Amino acid sequence: MSDAGVLETLLRRIEAADGGVDSLETASVLGVDHQVLVGAVKSLLALEDLIAAELRSSKHWELSGEGTEIAEQGSHEARVFCSVPPEGLPQTELMKLSFGKIGFSKAMSNKWVKVDKTHEGGPRIFRSVENIEDQVRDKLLLVQKGNASQLEEKEKNELKKRKLLSEVTVKSYWITKGSCFSTTITKPETELTPEMIANGSWKEKKFKPYNFEALGVAPDCGHLHPLMKVRTQFRQIFLEMGFTEMPTNNFIESSFWNFDSLFQPQQHPARDAHDTFFISDPALAHGFPLEYLERVKKIHSEGGYGSQGYKYDWKIEEAQKNILRTHTTAVSARMLYKLAQQEKFTPAKYFSIDRVFRNETLDATHLAEFHQIEGVVADRGLTLGDLMGTLHQFFTKLGITKLRFKPAYNPYTEPSMEVFSYHEGLKKWVEVGNSGVFRPEMLLPMGLPEDVTVIAWGLSLERPTMIKYGINNIRELVGHKVDLQMVYDGPICRLES
Amino acid sequence: MPTVGVKRDLLFKALGKTYTDVEFDELCFEYGLELDEITSEKEIISREQGDSKASGASDVILYKIDVPANRYDLLCLEGLVRGLQVFKNKLEAPRYRRVSPLSGEPQRLVITEETAAVRPHAVAAVLRNITFTQERYDSFIELQEKLHQNICRKRSLVAIGTHDLDTVSGPFTYTAKPPAEISFKPLNQTQEYTATQLMGLYKTDSHLRHYLHIIEDKPLYPVIYDSNGIVLSMPPIINGDHSKITLKTKNVFVECTATDLTKAKIVLDMMVTMFSEYCSQPFTVEEAEVLYPDGKTCTYPELAYRKEKLSSDFVNRKVGINESTETIARLLTKMCLRSEVTGVGDEIEVEIPPTRSDVIHACDIMEDAAMAYGFNNIPYTTPRTYTVANQFPLNKLTELLRQDLAAAGFTEALNFALCSAEDISDKLGKKISETRAVHIANPKTAEFQVARTTLLPGLLKTLAANRKMPLPLKLFEISDVVLKDDTKDVGARNSRRFCAVYYNKSPGFEVIHGLLDRTMQLLEVKSERGDGYHIQAAEDSTFFPGRCAEIFVGGKSVGRLGVLHPDVITRFELAMPCSAVEMDIEPFLGRPAETTLTHDVPLHEVIERHFPSQVPNSRPTSTKTLFGDVSSAAGLKALDDFLADKSYMEGFEATRADTTMFDAIPSAPSSTFPHLLRWYNHVKSFLRERANLPSAKSQFVLEEDDDDIDLFGSDDEDDCAEAEKLKEQRLAEYAAKKSKKPALIAKSSILLDVKPWDDETDMAKMEECVRSVKMEGLLWGQSKMVPVGYGIKKLQIGCVVEDEKVGTDLLEEAITAFEEYVQSVDVAAFNKV
């Protein structure tokens with residue numbers, strides 16, 4: 001029967017049937033494979049509301065090949081019994097029969113036969129009972145006739161173990177008329193075509209429904225890196241707040257600008273090889289502003305500007321050492337020095353987001369390089385309250401409104417405050433950044449007026465990014481081990497939400 | 001930040017109050033401490049060495065408290081309790097006093113001059129009639145350890161020795177001897193060792209081996225003897241066993257040897273102020289005399305109280321609060337800074353105790369007032385600072401470009417600025433010496449040997465780590481590389497690069513080339529020779545032979561693109577063909593209105609101070625130029641005319657021809673010469689970087705008297721290699737220039753029409769042939785193809801010639817020599833320059 005024939009026949013049977021038809025039954029009536037009928041049902045289902053089909057499944061027991069053989073010819077042990085004539089049979093003869101080996105051991109355990117090992121001409125088998133009852137065959141015959149339910153579960157499982165029976169699941173459809181049932185099939189269009197638009201035939205056509213459950217085709221596109229997306233947002237926030245971007249494109253820095261100009265003493269642990277990458281080539285920096293350098297030397301070794309200083313032997317050799325900058329504050333120092341060289345002081349707001357380097361031990365949250373976000377405000381008469389107010393505005397733009405400040409220590413800021421925010425998820429206060437007021441020992445040698453206060457704060461870019469994008473290992477975010485799938489799938493960055 | 005471990009119950013007993021963990025955490029937060037961990041000895045051992053080792057260990061609760069790195073007075077239970085009790089107004093800060101011994105004869109420590117070369121300073125004091133308990137003793141030892149690790153910088157700056165005074169007898173001698181001559185029984189050992197043996201013994205000691213390097217290579221080791229020759233200690237390594245302190249010790253001799261006297265004094269003050277609490281007369285310390293080799297005598301401990309005066313207005317103004325003078329004095333007193341209102345205006349006199357070595361400026365006092373006030377009680381205010389935001393032009397360009405490159409279908413990668421030397425050299429088929437790479441002196445692993453000089457290895461490693469991803473992989477990165485650069489104060493500079501890779505079953509050169517075209521489109525650079533961009537075959541060991549091209553913009557190379565060499569692909573553990581482009585993006589920046597690079601500031605200043613000869617306008621120059629004397633109006637007028645349609649003296653960018661001419665002009669021209677003024681102001685912006693400008697092709701300024709010009713003046717820094725090199729280079733250039741010594745050179749600008757045989761002639765090849773004509777005094781200019789009909793185009797090409805050297809007939813002859821391509825050559829235009 002052709003496919004179209006099956007469709008039509010099926011539709012006619014559905015029309016004729018009361019309530020519905022079963023696919024399995026229909027298949028056997030039509031004499032086609034069930035699979036063919038299922039195909040017909042599926043294609044009819046694709047037509048809107050033509051038919052309805054309900055999937056049904058039933059289980060039944062079937063004989064295996066061996067089972068069928070037994071149902072026909074009797075169990076192996078019964079056949080062994082029958083093969084043994086009253087005068088007995090040599091064991092070697094019996095073993096030649098196809099069922100001999102299995103049947104013999106079963107028949108022995110049933111005590112239907114016995115072996116006379118002493119018989120002349122080799123061991124000989126004799127019947128040990130008159131009649132037997134072949135229960136295995138009887139049970140299988142029951143199953144074959146569709147009366148498997150008469151057997152106990154235990155019996156069925158026993159036969160299943162002997163691989164004579166198997167349980168088969170049959171899936172079939174219960175097919176009923178749909179709301180738009182008809183016995184004639186009109187094939188709907190899949191897509192609108194330019195021709196249909198041109199000749200207006202779309203008005204008469206029926207269109208195949210779309211499957212809105214499926215996903216669309218992914219667009220062919222490029223992606224921005226998550227960390228850079230977050231950087232863009234932070235940049236935006238600073239620009240919204242009127243901050244000017246500092247030129248931080250100088251990874252190599254002298255110890256002078258990175259530490260000394262910030263009033264960080266030369267024996268400070270941060271200046272150890274354990275924490276800082278020193279440069280072997282080019283090893284030393286030159287061209288320091290000499291008068292300023294003298295003032296820095298003096299404030300470290302002797303004090304001045306109302307300060308006791310650190311009172312140690314300040315060495316230019318230490319200041320000359322080139323390093324990979326450990327913070328962008330080195331650039332802030334250069335900018336503030338430049339600001340101080342202006343004829344007349346003008347207030348300034350600076351920011352930067354760029355790489356810094358620490359010779360640290362690496363782990364899931366620490367890398368040897370990371371991005372530092374830094375904000376600096378220089379104006380006359382700024383207060384600690386101003387710093388806190390500015391931080392409040394900044395963090396509000398990140399969606400963080402609950403702030404708390406903890407006194408801290410930093411060689412170049414006084415006061416120094418760690419910024420904590422209340423994390424709703426963790427239900428505790430977590431550190432989100434560092435802040436402070438630059439020390440006069442840093443600002444006055446630069447030549448800034450005495451009443452100018454400079455407030456500053458900093459945080460890492462990686463931490464908020466990891467929180468934002470739910471990344472636990474920093475190496476999956478930064479560097480070549482990045483998971484590109486994560487980059488592909490990343491959402492846009494809205495920090496406040 | 002140092003961490004101090006204290007027993008919780010002991011702490012609460014000393015504080016006279018039991019806190020919950022949360023309450024104590026709050027108190028810490030307010031005081032600038034951090035309750036880092038709540039644990040027990042048992043827990044620590046079981047965590048570090050396993051449960052089996054922990055059985056039997058104490059499970060007394062320990063608080064691990066983080067203390068600010070400059071607060072040495074909080075490094076032990078005694079100091080912490082004292083600080084917090086004063087803060088909570090439960091205790092008045094004690095006054096530490098130095099007293100003379102009852103006998104009248106202070107202990108003496110004599111320093112011999114041998115110590116000068118190894119560890120020149122020593123200070124000492126005595127804690128008289130002290131009562132130790134096990135806890136006090138433990139804390140006493142622990143404080144020494146904490147001080148050693150922090151302010152003493154792992155004993156390199158200061159080392160502390162404490163001794164049972166009753167086991168030794170003064171005066172003590174601090175001297176230095178060859179290690180073989182020092183012999184004693186060190187602490188907790190059963191036999192005597194020489195110092196040499198000790199250094200060997202402690203090589204494997206997990207604790208002491210870290211200090212050996214401090215004196216190891218010194219010919220003399222520091223050592224302290226008593227009057228009977230008993231060794232008290234061999235600083236900074238170990239004390240003698242003889243004078244060791246026990247729970248029964250009543251009198252303690254404390255000595256600190258140091259390379260930094262200021263720190264030694266602080267350390268001694270800390271030791272004695274913290275533990276004088278347990279002396280029979282609390283908070284008194286018995287003095288000791290130190291005799292220097294020069295005969296000077298000093299008495300220690302200093303226990304100096306310093307007085308500072310400040311106004312309450314200062315505190316209010318800096319913090320942003322408005323409190324009375326009395327309140328502020330009270331707040332400061334809470335922080336162990338005893339303060340009194342002097343009654344003169346709003347003046348407060350603050351006494352800084354010896355325990356507060358961290359207070360070195362009025363701002364430190366202000367901070368303590370703010371802390372006592374409570375940071376979180378300060379009202380938030382908004383600064384009224386009015387500023388206009390500016391983006392750093394290079395970052396602005398980067399931001400804009402990134403967006404559009406992602407829109408072009410490429411995914412952004414972000415790689416490390418540090419990498420192995422191999423990544424940028426061997427793996428790319430280059431020599432490390434060619435790379436101009438900055439080398440790191442102390443990398444912990446090979447991944448941090450150099451700063452990258454190219455973005456390509458990072459992208460290739462990203463590809464390798466993402467091989468499981470579906471092909472093609474298209475990646476890009478815009479980021480900085482670092483190159484050595486002598487003109488910068490640190491000898492290196494960043495360079496912003498754009499790099500992209502295409503990784504697929506076929507090399508996809510056309511994809512990368514297309515991306516380059518798109519990038520140029522975004523940057524508004526046209527595809528043409530001359531002002532626009534073009535690519536040209538190049539040799540590069542990173543790329544497959546014949547599959548690499550150099551990118552030229554405005555005639556200058558900015559980068560390369562091509563198909564990677566198979567060796568490069570396999571060295572980066574890749575398997576597919578890959579093409580890549582990498583180029584500089586700084587040339588596309590345009591010139592920002594103001595140069596904001598900070599490193600120029602100090603460099604400029606130093607140039608003015610140290611190399612006065614190089615400062616613009618500082619050397620007398622001739623005002624005689626090709627345009628006449630530019631000190632006269634006529635000369636300026638001629639120059640103004642010349643510059644009417646030109647940005648620079650030569651070509652499309654500033655060269656030294658501009659700066660030389662600039663120098664020749666005595667003062668800024670008046671606005672009657674608008675073109676000259678525009679040029680003058682523009683060239684002025686280049687003066688700081690004049691040394692980097694390309695050299696001049698022709699000489700516009702004529703020298704008055706060659707012999708008298710000393711290009712470099714007297715230079716104090718002659719030993720400086722860099723300066724020397726620069727000088728030689730300059731002299732060579734100068735000599736070259738001088739040898740030409742042209743008088744007034746007549747030049748002409750010629751426009752030639754070169755016609756091909758037919759429409760099948762390879763015009764590009766023809767142009768190449770034309771441009772290959774090289775003569776002295778001939779400079780090829782821009783060209784274009786002009787249609788003449790029937791699909792035939794002619795090449796129109798400009799050139800500038802020196803009239804004396806190049807004639808048009810000579811030129812025509814040379815070009816028609818390429819008869820394979822060239823049908824005829826005509827002069828379309830001829831102008832005298």
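With which residue does A:Arg439 form a salt bridge, and how far apart are the closest N and O atoms?

Author: This is a predicted model, in which local features need pLDDT of at least 70 and side-chain atom pairs count only at pLDDT 80 or more, while totals for chains, interfaces and linings use all residues. Residues are numbered from 1 along each chain as its sequence is written, chains are lettered from A and ligands numbered from 1 in the order in which they are written, and side-chain values use heavy atoms, with hydrogens and water left out.

The partner of A:Arg439 is A:Glu414, and the closest N and O atoms of this salt bridge (a side-chain nitrogen of Lys or Arg within 4 Å of a carboxyl oxygen of Asp or Glu) are 3.3 Å apart. Because A:Arg439 lies in the loop between β15 (428-438) and α17 of chain A, whereas A:Glu414 belongs to strand β14 (residues 413-423) of chain A, the pair ties together parts that are 25 residues apart in sequence. Helices (H or I, at least four residues) and strands (E, at least two) are DSSP runs here, numbered from the N terminus. Both A:Arg439 and A:Glu414 are buried, a word that stands for under 20% relative accessible area, with exposed meaning over 50% and partly exposed in between (1.4 Å probe, protein chains only). In general, side chains of opposite charge can pair when their charged atoms come close.

A:Pro440 is part of helix α17 (residues 440-446) of chain A, and its relative accessibility of 17% is why A:Pro440 counts as buried. Although 28 residues separate A:Pro440 from A:Tyr412 in sequence, the two are 8.9 Å apart in space, C-alpha to C-alpha. Once neighbours within four places in sequence are set aside, A:Pro440 is in contact (heavy atoms within 4.5 Å) with A:Pro445 and also with B:His361 and B:Cys363.

Among contacts in chain A between residues at least 6 apart in sequence, 68% join residues at least 24 apart. For chain B the corresponding figures are 23 helices and 36 strands, with 50% of the 833 residues buried, and 69% of the contacts between residues at least 6 apart in sequence join residues at least 24 apart.

Returning to charged pairs, the structure holds 63 salt bridges over all chains, and in one network of them A:Arg231, B:Glu399, B:Arg402 and B:Glu412 are linked. Helix α22 (residues 763-771) of chain B contains both B:Glu768 and B:Lys765, three residues apart, about one turn of the helix, and these two form a salt bridge with their closest N and O atoms 3.6 Å apart. B:Lys765, at 33% relative accessibility, counts as partly exposed. In the helix α22 of chain B, B:Arg771 and B:Glu767 are four residues apart and thus separated by about one helical turn, and their side chains meet in a salt bridge of 2.9 Å, N to O. B:Arg771 is partly exposed with a relative accessible area of 26%, whereas B:Glu767, at 9%, is buried.
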